[in-house]
Amino acid sequence: TPHIFGKPQFEKPIMFYWQSMAAQIAFGDNAFAARVPSALFATFLVFLTWIFGRRFMNPQAGFYAALVLATGMEYAFMSRLMLTDISLAFFISASVFSFWLATEEEAKRDKWMFIHLAASGCAALTKGPIGLLIPTIGSFAYLRLTGQRSPWRGRGFWLGVLAWLLITVPWYATMFSKFGMEYWQRFFVHENWERLVDAE
């Protein structure tokens, strides 16, 4: 259970805290270690953008897309902060990129569907329901607009569903067993729904 000032902290799920803990075990209790998770996932996202751009358009487009992302002032700034946003962006991007590949590469659909759902599970464990909602809504919209056949089928899909459940359910179930409706109200209602519909 994350804590702040000795009390349970329900603002975010556990993934980013685990990343931070691993960095501090590896590098010590210092500012560098605190920045490692965001910096690392920011780097991963730049390479993911490059790979997606190459696959979607051409190598030049991939390079320029990655360059624009890597040199953006806000991106560089966020990459130095101890926040969940960059990790979330990486996992959501990995999820939707894998979904797109599942529609493009029928022979490798199972692999890409598994990664699509596993990455969505990591996103949900990083920041909550948004990690499931954005990939799902985006994927439905893509299928609707393009008329592509849904890749949500087959062995890879069901293994991906299992991976999503194994990634997300144990920690959320533990929080519910420890804190019950207090967790529901403070995390799902206040931190997610109320912050979505009303500025805090």
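**Stop one: the largest pocket**

Select α9 (residues 181-197); this helix gives the largest share of the lining of the largest pocket, 8 residues. The model is predicted: local features need pLDDT of at least 70, side-chain atom pairs need 80 or more, and totals for chains, interfaces and linings use all residues. Residues are numbered from 1 along each chain, and side-chain values use heavy atoms, without hydrogens or water.

Helices here are DSSP runs of H or I, at least four residues, numbered from the N terminus. A pocket is an open set of points on a 1 Å grid where a 1.4 Å probe fits, with protein on both sides within 12 Å along at least five of seven lines; lining residues have an atom within 4 Å of a point.

The space in the largest pocket is about 410 Å³, taken as that filled by probe spheres set on the points. Now pick I130, E191, N192, W193 and L196, the closest to its centre of the 16 lining residues.

**Stop two: the second largest pocket**

Select Q9, E11, K12, F16, Y17, M82, L83, T84, D85 and K127. They line about 180 Å³ of space.

**Stop three: α8 against α9**

Show α8 (residues 154-179) with α9: their axes, lines fitted to C-alpha atoms over the stretch in contact, come within 6 Å and cross at roughly 120 degrees. Which residues of α8 meet α9? Select W171, Y172, M175, F176 and F179. Across from them are M181, E182, Y183, W184, F187 and F188 in α9, with contact meaning heavy atoms within 4.5 Å.

Definitions and conventions: Axes are lines fitted to C-alpha atoms, for helices over the stretch in contact, and angles run from 0 to 180 degrees between N-to-C directions. Helices (H or I, at least four residues) and strands (E, at least two) are DSSP runs, numbered from the N terminus.
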